Amino acid sequence: ALARGEAVEAELRLREHLATANELGGWLLVEFHRYLAEALVRQGRIHEAAAAAVAARDSLPAEDAYASAAALMAEIVATDGATSPGVTQERIAEALRLLQEHNLLLDLEEARIDVARVHHRLGDVLSARTELAKAADALVRLDAPGPLDYLHGDLASAVPSAVWSIYYAA
C-alpha cells in the first residue's frame with residue numbers, strides 16, 4: 001500500500017498485523033515499526049511517526065545489522081525540524097553504511113529514496129536530488145526494474161517537480 005501511495009491503507013494493514021509481528025519479534029518487528037513510521041509521516045503525523053521510530057529502536061535485536069539499519073531508517077523518516085541536522089546525517093551515514101557493508105544493495109537504494117524524501121521534506125532539495133540520482137544510477141546497474149519504475153513513476157508524483165527538474169538537469 002505504501003508503494004502505491006496509500007498511506008492510510010498501509011497504516012491500517014500494519015496495525016492489523018502488529019500483534020503477529022510482536023510475537024515474532026526480531027528484524028520483522030523493527031521493519032513493521034519502520035514502515036508504520038513512514039506511513040504516519042506521509043499522513044503528516046510526524047509525532048506519531050517518532051513514537052513508531054522509538055518502538056523500532058526498542059525492538060532492536062542484538063547484533064542484527066539489517067534490523068539496526070531499519071531502526072535507523074525509522075528514526076530518519078520520522079525526523080522533524082527539531083532534530084539536529086548533524087544527528088540526522090550521522091543516522092543516514094550509519095544506516096547506508098550498514099546496508100552497503102552487508103551487501104543489501106536493493107535495500108540500500110530503497111533507503112536512499114526514503115532519505116531523499118526526508119531531505120526534501122526538510123527543505124534540502126540539493127541533497128534530495130543527490131540521493132535520487134545515486135538511487136537511480138544504482139537501480140539501473142542492479143537491473144531492478146520494479147524499484148526503478150517506482151522511482152520514476154510513483155515517486156515522481158510524490159516528490160515535487162522542482163526536485164525532479166534538478167535531477168534531470170544533471
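Tutor: Residues 24 or more positions apart account for 59% of the contacts in the protein with a separation of 6 or more, where contact means heavy atoms within 4.5 Å. This is a predicted model, in which local features need pLDDT of at least 70 and side-chain atom pairs count only at pLDDT 80 or more, while totals for chains, interfaces and linings use all residues. Residues are numbered from 1 along each chain as its sequence is written, and side-chain values use heavy atoms, with hydrogens and water left out.

Student: How many helices and strands are there in the protein?

Tutor: The protein has 10 helices and 0 strands. Helices (H or I, at least four residues) and strands (E, at least two) are DSSP runs, numbered from the N terminus.

Student: What percentage of the residues of the protein count as buried?

Tutor: Of its 170 residues, 45% count as buried, that is, under 20% relative accessible area with a 1.4 Å probe, protein chains only.

Student: What makes a set of residues a nonpolar core?

Tutor: Its members are buried Ala, Val, Leu, Ile, Met, Phe, Trp, Tyr and Cys residues joined through side-chain atoms within 4.5 Å. The largest such core has 21 residues, and Val30 and Ala49 have the most contacts inside it. Helices H1 (7–24), H2 (26–42), H3 (46–58) and H4 (65–77) each give two or more residues to this core; the largest share, 7 residues, comes from H2.

Student: Which residues is valine 30 in contact with, leaving aside its neighbours within four places in sequence?

Tutor: Valine 30 is then in contact with Ala56, Ser59, Leu60, Pro61, Ala67, Ala70 and Ala71.

Conventions
Buried means under 20% relative accessible area, exposed over 50%, partly exposed in between (1.4 Å probe, protein chains only).
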